[in-house]
Amino acid sequence: MATPRNFRIIPLADERPRKVSVASVASELRTTGAGLTALQDAQGRTLRDLRISVTDRCNFRCSYCMPKEVFDKDHPYLPQSALLSFEEITRLTRQFVAQGVRKIRLTGGEPLLRKNIEVLIAQLAALRTPEGLPLDLTLTTNGSMLAKKAQALKDAGLQRVTVSLDGLDDAVFRNMNDVDFPVAEVLRGIDAAQAAGLGPIKVNMVVKRGTNEQQILPMARHFKGTGIVLRFIEYMDVGATNGWRMAEVLPSADVVRLLQTEWPLVALEHASAGETAQRWGYVDANGQPDKQAGEIGVISSVTQAFCGDCTRARLSTEGQLYLCLFASRGYDLRTLLRDGSADAQLTAAIRNIWEQRSDQYSALRSTLPHGSPTPGRRVEMSYIGG
Ligand code: SAM
Ligand code: SF4
Ligand code: SF4
């Protein structure tokens, strides 16, 4: 990945350096003012999606994301002062929207742990695109607090939620979240989200071979015909702490084959450019997509890289901009914000960083010997958000 001149590099979460001034950077960058051209990276990919991590903390300890042994009580979580404030997030988001971002996903850590998250949602919901339209505003959650918060989130202006749920069997689920959290409470959260109108809801299930693949069919049976889109995610080699092994990845093709033992499925078109999931529809008696029965998705991050049209940037809890889920470094926008940079300087920084982006880590992985994780030290998913 090329490094824009003078930007400081942010290493892994537990080695974050203290403040380094980058005030000079913004003024050296190309300030283009009005009439900016559409923003594309070095591979011709536009910037459409911004994932914003609002906390690096979580009440779960999913072994594939925040294993207990690493994320224990001595783990150095960010102090409050390091977090971007809601005003800082909103100001930055406004600049991203001016550069083409149309979809915002709040994530973490567990985003519902961030105090007064509804206030941030209301601020983001009030933003408009240059065409005067609202943003597509969504949030990914483990669902543990959703039953309590769904209505307030909706009232604040959140449009949709994605809920992570790795199985229906209580013992399997408690084992995967590793804090003995019951599945019934997450299901209650999904019901509350549906009742509040936070749909269409997506449910994400990370499939780990040898751990929860026996939950694939029960999950599909449970959500079929509910209007909820279940998506199976390949277990990824994100971060440096989950002890990822290729042997624990169940390829999406196997997931689809398994589902087809129970239901015929038909491949559906991508709903939008840059979509991560391949969509499969249940079919009716005539072999046509059955809208009532709905669809499932598979996200093949390991076996079928989709870097070619990756339009996603990630903003960490402390305001570092990451250009890829597998990146080991980020670009410090918080210092620019806190040093009093003007909007034009923030815009110039965002454009400069994106224009030099060439990340395609998943595509790179497929060129490595079978079973190799991507090389280099990678940032944790709980730090930049999924
Ligand atoms: N705590 C929230 C949640 O779990 O939905 C939001 C943050 S979480 C990091 C975002 C998504 O990343 C979740 O759907 C989670 O299952 C997924 N995820 C985390 N680690 C993963 C891994 N190693 N492979 C695949 N997906 C992963
Ligand atoms: Fe927490 Fe989400 Fe990571 Fe699980 S996947 S540990 S719920 S941040
Ligand atoms: Fe995008 Fe990086 Fe994932 Fe490729 S590996 S799809 S560039 S986030």
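pLDDT is the predictor's confidence in each residue, from 0 to 100. The structure described here is a predicted model, and its chain averages a pLDDT of 88. A score of at least 70 is reached by 87% of the residues. Over residues 1-34, pLDDT stays under 50. Where pLDDT is low, the predicted coordinates should not be read in detail.

The chain has 386 residues, of which 54% count as buried. Its secondary structure consists of 12 helices and 12 strands. Among contacts with a separation of 6 or more, 73% are between residues 24 or more positions apart.

Helix H8 spans residues 252-260. Ser252, Val255, Val256 and Leu259 are its buried residues. They sit on the same side of H8, because they cover an arc of only 95° around the axis. Several elements contribute to the cover over these buried residues. Helix H7 (216-223) is one of them. Strands also take part, including S6 (229-234), S7 (265-268), S8 (278-282) and S9 (295-299).

The segment around helices H5 and H6 holds several local features. Helix H5 covers residues 170-177 and contains Met176. Met176 has a relative accessible area of 4%, under the 20% limit, and is therefore buried. Its contacts, not counting residues up to four places away in sequence, fall in several parts of the chain. They comprise Arg61, Cys62, Ser63 and Tyr64, then Asp166, and then Val206, Thr211 and Asn212. Asn212 lies 36 residues from Met176 along the chain, and the C-alpha atoms of the two are separated by 8.4 Å.

The loop between H5 and H6 includes Asp178 and Asp180. Both have backbone angles worth noting. Phi of Asp178 is near 60°, a positive value in a residue other than glycine. Asp180 is not a glycine either, and its phi is also positive, at about 65°. Asp178 has a relative accessible area of 25% and is partly exposed.

Asp178 is also a contact of Lys68. Lys68 is placed in the loop between strand S1 (49-53) and helix H2 (86-98). With 40% relative accessibility, Lys68 is partly exposed. Leaving aside neighbours within four places in sequence, Lys68 touches Arg61 as well as Asp178. The C-alpha atoms of Lys68 and Asn177 are 9.9 Å apart, although 109 residues separate the two along the chain.

Gly199 and Pro200 are joined by a cis peptide bond, with omega about 0°. Pro200 belongs to the loop between helix H6 (183-196) and strand S5 (202-207).

Rolling a probe the size of a water molecule over the atoms shows where empty space is left. The second largest pocket has a volume of about 220 Å³. Its lining is made up of 13 residues. The closest to its centre are Gln80, Leu83, Leu113, Arg114 and Lys115. By class, the lining has 6 nonpolar, 3 polar and 4 charged residues.

Conventions. Residues are numbered from 1 along each chain as its sequence is written. Chains are lettered from A and ligands numbered from 1 in the order in which they are written. This is a predicted model: local features need pLDDT of at least 70, side-chain atom pairs count only at pLDDT 80 or more; totals for chains, interfaces and linings use all residues. Side-chain values use heavy atoms; hydrogens and water are left out. On a 1 Å grid over the protein atoms alone, a cavity is a set of points where a 1.4 Å probe fits but cannot get out, and a pocket is an open set with protein on both sides within 12 Å along at least five of seven lines; lining residues have an atom within 4 Å of a point. Grid points are joined across faces, edges and corners, and a volume is the space filled by probe spheres set on the points. Ala, Val, Leu, Ile, Met, Phe, Trp, Tyr, Cys and Pro count as nonpolar, Asp, Glu, Lys and Arg as charged, and the others, Gly among them, as polar. Buried means under 20% relative accessible area, exposed over 50%, partly exposed in between (1.4 Å probe, protein chains only). Helices (H or I, at least four residues) and strands (E, at least two) are DSSP runs, numbered from the N terminus. The arc is that of the directions from the helix axis to the C-beta atoms. Contact means heavy atoms within 4.5 Å.
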